[in-house]
Amino acid sequence: MADSTTQHKPLTGWEKPELDLSRAEWQSGSRGLGDVQIAFVEGFIAMRNSGRPESPSLIFTPAEWGAFVSGAREGEFDLT
């Protein structure tokens with residue numbers, strides 16, 4: 001099977017900057033118990049898989065992060 005490259009177009013309404021995460025101070029998102037790390041960069045919250053830090057990170061605005069954490073507390077997401 002031949003390799004292929006997929007071009008992704010920016011999402012409509014996507015107003016988040018390309019953040020430089022190379023110097024981010026990553027912290028465990030679950031007191032060291034899970035696979036999620038978070039960093040606070042330029043007013044945004046970045047989240048990544050600690051087992052694959054080279055993978056793309058999710059970027060949240062503070063409002064999006066609040067909604068995500070609220071949903072996680074209510075059981076909508078399994079962070080472990």
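Tutor: Happy to! Let's begin with a term: two strands count as paired if DSSP finds at least two bridges between them. Keep in mind that this is a predicted model.

Student: What holds paired strands together in general?

Tutor: Strands of a sheet pair through backbone hydrogen bonds, in either a parallel or an antiparallel way.

Student: Let's zoom out. How many helices and strands does the protein chain have?

Tutor: The protein chain has 1 helix and 4 strands, and along the sequence they follow the pattern β-β-β-β-α. The 4 strands form an open sheet in the order β1-β2-β3-β4, with antiparallel pairing. At its edges are β1 and β4 (58–60), each pairing on one side only.

Student: Where does the helix lie, then?

Tutor: Helix α1, made of residues 62–73, lies across β2, β3 and β4. Its direction is at about 105° to β4.

Student: Back to β2. Is that strand mostly covered or mostly open?

Tutor: Mostly covered: 5 of the 6 residues of β2 are buried. Ile38 lies in this strand.

Student: Why does Ile38 count as buried?

Tutor: Ile38 counts as buried because its relative accessibility is 11%, and the cut-off for buried is under 20%.

Student: What does Ile38 touch, apart from residues up to four places away in sequence?

Tutor: Ile38 touches Glu25, Trp26, Gln27, Ile45, Ala46, Met47 and Trp65. Take Glu25 from that list: Glu25 and Ile38 are 13 residues apart along the chain, and their C-alpha atoms are separated by 8.2 Å.

Student: Changing topic: which residues make up the largest nonpolar core?

Tutor: That core has 8 residues: Leu19, Ala24, Trp26, Ala39, Val41, Phe44, Ala46 and Ile59. The elements giving two or more residues to this core are β2 (36–41) and β3 (44–49). There is also a second, separate core of 7 residues, and Val36, Met47, Phe60 and Trp65 are among them.

Student: Could you pick out Ala46 for me? What is Ala46 in contact with?

Tutor: Leaving aside neighbours within four places in sequence, Ala46 is in contact with Leu21, Trp26, Gln37, Ile38, Ala39, Leu58 and Ile59.

Student: Last one: how much of the whole chain is buried?

Tutor: Of the 80 residues in the protein chain, 28% count as buried. The accessible surface comes to about 6600 Å², with 50% of that belonging to carbon and sulfur atoms. As for contacts between residues at least 6 apart in sequence, 20% join residues at least 24 apart.

Terms used: Residues numbered from 1 in each chain as written. Predicted model: local features only at pLDDT ≥ 70, side-chain atom pairs only at ≥ 80, totals over all residues. Heavy atoms only, no water. Core = buried A, V, L, I, M, F, W, Y, C linked by side-chain atoms within 4.5 Å. Buried < 20%, exposed > 50% of the residue type's maximum accessible area, 1.4 Å probe, protein only. Contact = heavy atoms within 4.5 Å. Areas by Shrake-Rupley, 256 points an atom, 1.4 Å probe, with all protein chains shown as cover. Axes fitted to C-alpha atoms, helices over the stretch in contact; angles between N-to-C directions.
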